[in-house]
Amino acid sequence: MVKTHVSTHELVAGRYRLLDVVHQETNRVSWYGEYVEETGAARPCLVTRIGLPPDQGEEKARQVADRVLGMSETMARLSPGRIAAVVDALEEEGSLWTVTEWIDGLPLGQLFEQKGTFSPAKAAAIGLELLDVLEVAHGEGITHGELSPGQVFIRARGPLVLTGFGLAGATLAPRVAAPAYASPEQARNDRIGPAADLWALGAILYTMVEGRPPYRDRDQPESTLKSVDRLPLRTPLRAGPLTGTVLGLLRKDSRDRLNRTVVRQALTRVLDDPDGVLPAPKLKRACAAARQIGPQWSGRAMAAGTALAVVTVAVAALAVTHQFPDTDDAAASGAQPRPSASVAPPVEDAGAPDPATPAPSASPTAPSSPSPSASPDASPSAASSPSASADALPAGFRVYRAPEGFSVALPAGWQRLETARGANQAYRVTFGATGDPRTLAVTYSESAGPDPVAVWRDDVEPNLKKDAGFRRLGAIRTVTYQGFKAADMEWLVDADGGQVRTFGRGLLLGGHRSFSLRYTTPAADWDTKANREALDTFLRTFRPGSAA
């Protein structure tokens, strides 16, 4: 058991001052600390102490420290912005000390103490962010192995940050820092793999909605682990639509646990429809179906498959194959699914992090005629402040803040209709309203090339040409949007016995990251005042946020 009574006057390794305990678990304590430079200046940092086995020896401790540093560097490269960079790792007085850059956020465990329970929708949003990082790690053969609320930091702005990679198997016997979140195979000291992380994800989801871990953290770690391995799970009472997912993740046999594809679909369903429930039996069948279908779906297969109920399980497994992705051809062409009365309304803010304040945005000029050249153009000279956009919203519009991190003002009655997720954190969110043929699709990707015009021309347009009646309107135009390189493209396609017109703007954020916005409306209505107002407002108020 790691003790917290370290004097604040005492420097760890002669350079790290411990100021305040941030979070404590059975075998891990984290402090807000300072790196004291030789000049006397101090920089904030997060200092964590993890107990090591008493017979480990200096050489073994040094190997563990090197592994933590190396794994942190690897994961920071694979999942930038979501991994806390470890700047130092060392052994002192029988403990492993890790030092990371200060994280401007709170550990999830501390939020439990402050908030009590989370809504299923908020828990699902956090779960999806965790799953994003785990998918990257598991794809590289990396298992976290120490996942717990103390390793998950929630920030006011931007995506969550995960710590603790490289620690698995290095801590005190029974070799887990938070036994209440250990998997049964860890409790038995068996070999672990990605399924252990999925168990921990289930345990974290359980704790968020129930207000306590699935297995009580007893005074002795061995007693806690024995409960995890042998006692039946206490049925969650407040999980609502998350119940089936939690039960599917917390199966004792690692071979029976839900896989990542099914978990992502289930969490996305909860986020899109907080009142919907996907019971455990359906999840079991869905898991089998997803294994048969596989993770790679072509866009056209996706459009055809939505007629089958079981296929909805694989929506989240859809691979987004373009930099401004076409998650399904119908959506890309503008023939997005029409709203239905059963779609749940969006949760404004939804307890999600606020988007980061972006660079000054451009105030686009709405099209004044149906001419292809009359397209919204964001000129750097027409800048407006982020706050001004919210103050000047047209009547009925309100700002929607997505759990993914972006925000945009939507017309009255509009809500989140559909979410599709792909590889490498890519996703598409489609907005619309019952009885309104217009839609807005917001897509995020991390595989964009350096030229926004080339993305539309070489990656998106070839797929759009497969749709009936496709015709591009004018040239693909280079613009500057909110200080980013961007490009606009407009096109027509046939849909539902008529013709629809889509305006698309793709912007490059740097580091291969991109967003695209696609506004689709019946072509005959393109030049109406309502359409000009809606498109102008979308472009004026969209904020990428730091979650990207």
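Reading the labels in a predicted model

Among contacts in the chain between residues at least 6 apart in sequence, 63% join residues at least 24 apart. The model is predicted, and its chain has 14 helices and 21 strands, while buried residues make up 56% of the 548 residues.

Q: What makes α3 roughly antiparallel to α5?
A: Helix α3 (residues 120-139) and helix α5 (residues 194-210) pack at an angle of about 165°, with their axes 10 Å apart. Angles over 145 degrees count as roughly antiparallel, and therefore α3 is described as roughly antiparallel to α5.

Q: What is the handedness of the crossing in which α3 passes α5, and which residues make the contact?
A: The crossing is right-handed, and the contact is made on the α3 side by P120, A123, I126, G127, L130, L131, L134 and H138, and on the α5 side by P194, D197, L198, L201, I204, L205, M208 and V209. By residue class, the contact of α3 with α5 divides into 13 nonpolar, 2 polar and 1 charged.

Q: Why is α3 also called roughly antiparallel to α8?
A: Helix α8 (residues 260-272) and α3 pack at an angle of about 155°, and their axes are 9 Å apart. The cut-off for roughly antiparallel is an angle over 145 degrees, so α3 is roughly antiparallel to α8.

Q: Which residues make the contact of α3 with α8, and how do they divide into nonpolar, polar and charged?
A: From α3 come P120, A121, A124, A125, G127, L128, L131, D132, E135 and H138, and from α8 come R260, V263, R264, L267, T268, V270 and L271. These residues divide into 10 nonpolar, 3 polar and 4 charged, and the crossing of α3 and α8 is left-handed.

Q: What makes β7 and β9 the edge strands of their sheet?
A: The sheet is an open one of 3 strands in the order β7-β8-β9, with antiparallel pairing. Strands β7 (105-107) and β9 (161-162) each pair on one side only, and they are the edge strands of this sheet.

Q: How do you know that β7 and β8 pair?
A: Two strands pair if there are at least two bridges between them, and 3 bridges join β7 to strand β8 (residues 152-155), the two running antiparallel; therefore the pair meets the criterion. Within this pairing L106 stands opposite I154 in β8. Helix α2 (residues 108-115) packs on the sheet, where it touches β7 and β8, and its direction makes about 85° with that of β7.

Q: Why does G164 count as buried?
A: G164 lies in the loop between β9 and α4 (184-187). Its relative accessibility is 15%, and buried means under 20%, so G164 counts as buried. Not counting residues up to four places away in sequence, G164 touches H144, E146 and Q151. G164 and S72 are 92 residues apart in sequence, with a C-alpha to C-alpha separation of 8.2 Å.

Q: Why does A13 count as partly exposed?
A: A13 is found in the loop between β1 (11-12) and β2 (16-25). Partly exposed applies between the buried limit of under 20% and the exposed limit of over 50%, and the relative accessibility of A13 is 22%, so A13 counts as partly exposed. Its phi is near 55°, a positive value in a residue other than glycine.

Q: What makes N189 count as exposed?
A: Exposed means over 50% relative accessible area, and N189 has 57% relative accessibility, so it counts as exposed. N189 lies in the loop between α4 and α5, and although it is not a glycine, its phi is positive at about 60°.

Definitions and conventions:
Residues are numbered from 1 along each chain as its sequence is written. This is a predicted model: local features need pLDDT of at least 70, side-chain atom pairs count only at pLDDT 80 or more; totals for chains, interfaces and linings use all residues. Side-chain values use heavy atoms; hydrogens and water are left out. Axes are lines fitted to C-alpha atoms, for helices over the stretch in contact, and angles run from 0 to 180 degrees between N-to-C directions. Helices (H or I, at least four residues) and strands (E, at least two) are DSSP runs, numbered from the N terminus. Angles under 35 degrees count as roughly parallel, over 145 as roughly antiparallel, 65 to 115 as roughly perpendicular and the rest as oblique. A crossing is left-handed if the near helix is turned anticlockwise from the far one by less than a right angle, and right-handed if clockwise. Contact means heavy atoms within 4.5 Å. Ala, Val, Leu, Ile, Met, Phe, Trp, Tyr, Cys and Pro count as nonpolar, Asp, Glu, Lys and Arg as charged, and the others, Gly among them, as polar. Buried means under 20% relative accessible area, exposed over 50%, partly exposed in between (1.4 Å probe, protein chains only).
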